[in-house]
Amino acid sequence: MIPFAKGHGLGNDYLVIEQTDLPGALSTGAIVKICDRNWGVGSDGILLRVPTTRADFGLRIFNPDGSEAEKSGNGLRIFAKYLRDHGHATRDVFTVDTPGGVVECQCRLDHGRVTFVTVEMGRATFKPAEIPMTSAAPEAVGVSLSLGDAGTVTATAVSVGKPHCVVFVERLDDGETRRLGPLLERHAAFPNRTNVQFAKVLGRDAIEIRIWERGAGYTLASGSSSCGAASAAVRNGHCDHGRISVRMPGGELVVHVRPDFTLKLEGPVEEVCTGTLTPEFEEAYVRGAGR
C-alpha cells in the first residue's frame with residue numbers, strides 16, 4: 001500500500017507522497033483520480049518527494065488536473081512540515097529543489113511540531129520572456145488583455161518561479177473570479193497558461209486577493225499567488241517594499257518584498273491526516289495507469 005500525508009496551508013491542501021513508495025511513475029489519470037474529492041483522497045495537488053543532488057530534498061508538484069507546477073508557496077510549507085515532523089529533516093532550516101528553483105525553508109516548532117514555515121521564494125520578474133508571456137513591452141506591467149465577449153482587463157504578469165497574472169480591482173467578486181479566471185488562465189498571451197489573482201489594495205502594506213489557480217481552479221489560498229500579487233502591488237506603486245499582508249478567503253499570509261524583488265513568504269501550516277491508498281485503489285488507478 002502507498003502511504004501519504006495530507007496537510008494544508010489556509011485551506012489549500014496537498015498530499016505528500018514518496019516516489020520510492022510508488023510502483024512506477026504517476027500517470028495523469030492516477031493524479032486526477034487521487035486528487036478527486038469524490039472518487040479519491042481529495043486535494044489541491046500532490047507533492048512528490050524525489051531524489052536530487054542540488055539541495056537537501058527534491059520536490060515535484062502536481063496540480064489536480066495532472067499538470068505539473070514549477071513552484072508552490074503553500075506546497076513548500078506543507079512539504080517542509082512533513083519533512084521535519086516525520087524525521088526526514090533533522091534541522092529547522094534546509095533547502096528544497098523544485099522545477100522553479102532551489103528554495104530555503106525555515107521551520108518554527110511548537111511542542112515538537114512545525115506550526116509555521118518561512119520560505120525564500122526567489123526573485124520576482126516582470127520580463128515577458130521569463131514569465132513566459134507574449135508581449136512586446138520590456139515589462140508586463142499594466143498590459144491590456146482582451147477576453148473577447150468578456151471585455152478587456154488591465155493586468156500585470158509576473159513570475160515567482162511560475163507565471164501569475166494580477167488584475168487590480170476596486171471590488172472583489174467570487175463570481176467574477178470564477179468567470180474570468182479560466183479565460184485568463186488559458187489566454188493566448190500565456191503559452192504555459194497562468195495562475196490568476198484579482199487584487200484589491202487595502203493600504204500601503206496590505207492587499208486582499210481572490211485566486212484562480214492554474215490546473216486547480218478557484219482556490220481558498222495560495223502562497224505563490226500571494227507572492228505574485230504582492231510583487232505586482234509594489235511594482236505598480238500600490239504598496240511599499242517590505243512586509244505586505246495578503247488576505248484571502250482561507251486566511252492571511254505575509255510576503256516580504258525586498259528592493260531587489262526577492263521574496264520571503266511566511267505563514268501557518270497544519271497536517272490533517274496520514275493514511276495509505278488501499279490495494280484495490282492502487283491496482284485500479286496507480287498500477288492501472290489511472291484508467
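## Basis of the values

Because the model is predicted, local features need pLDDT of at least 70 and side-chain atom pairs count only at pLDDT 80 or more, while totals for chains, interfaces and linings use all residues. Residues are numbered from 1 along each chain as its sequence is written, and side-chain values use heavy atoms, with hydrogens and water left out.

Helices (H or I, at least four residues) and strands (E, at least two) are DSSP runs, numbered from the N terminus.

## The cavity

The structure holds one cavity of 30 Å³ or more, and the space in the largest cavity is about 30 Å³. A cavity is a set of points, on a 1 Å grid over the protein atoms alone, where a 1.4 Å probe fits but cannot get out; lining residues have an atom within 4 Å of a point. Grid points are joined across faces, edges and corners, and the volume is the space filled by probe spheres set on the points.

The lining of the largest cavity consists of Ala5, Gly7, Val16, Ile78, Lys81, Tyr82, Glu270 and Glu271. At least two lining residues come from each of strand E1 (2-9), helix H2 (73-85) and strand E18 (270-277). H2 gives the largest share, three residues. By class, the lining has four nonpolar, one polar and three charged residues. In this scheme Ala, Val, Leu, Ile, Met, Phe, Trp, Tyr, Cys and Pro count as nonpolar, Asp, Glu, Lys and Arg as charged, and the others, Gly among them, as polar.

Ala30, Ile31, Ile34 and Cys35 are the buried residues of H1. They cover an arc of only 120° around the axis, and therefore sit on the same side of H1. The arc is that of the directions from the helix axis to the C-beta atoms. Buried means under 20% relative accessible area, exposed over 50%, and partly exposed in between (1.4 Å probe, protein chains only). The buried residues of H1 pack against strand E2 (12-18), strand E3 (46-50), strand E4 (57-62), E18 and H5. Contact here means heavy atoms within 4.5 Å.

Helix H5 (residues 279-286) has Phe281, Glu282 and Val286 buried. Seen down the axis of H5, these residues fall within an arc of 100°, so they line one face of the helix. They pack against E1, helix H1 (28-35) and E18.

## Buried strand residues

Glu213 is in strand E13 (residues 206-213) and counts as buried at 2% relative accessibility. Its side chain makes a polar contact with the side chain of Thr219 (3.2 Å). A polar contact is a pair of N or O atoms within 3.5 Å; within protein, one must be able to donate a hydrogen and the other to accept it, and residues adjacent in sequence count only if both atoms are side-chain atoms. Leaving aside neighbours within four places in sequence, Glu213 is in contact with Asn12, Tyr14, Lys162, Glu185, Asn195, Thr219 and Ser222.

Ile207 also lies in E13 and is buried, with a relative accessible area of 0%. Not counting residues up to four places away in sequence, the residues that Ile207 touches include Leu202, Ala229, Cys239, Ile244 and Val246.

Val166, in strand E11 (residues 163-168), is buried at 0% relative accessibility. The C-alpha atoms of Val166 and Val196 are separated by 6.0 Å, the two residues being 30 residues apart along the chain. Among the residues Val166 touches, not counting those up to four places away in sequence, are Thr154, Val158, Gln197 and Ala232.

## Backbone features in loops

A cis peptide bond joins Ile131 and Pro132, with omega about -10°. Pro132 lies in the loop between strand E8 (113-123) and strand E9 (143-146).

His111 is in the loop between strand E7 (101-110) and E8, and counts as exposed at 81% relative accessibility. Phe261 is in the loop between strand E16 (251-257) and strand E17 (262-268), and is buried with a relative accessible area of 15%.

Terms used: 1 Å grid on protein atoms, 1.4 Å probe; cavity = no way out; pocket = protein on both sides within 12 Å on 5 of 7 lines; lining within 4 Å.
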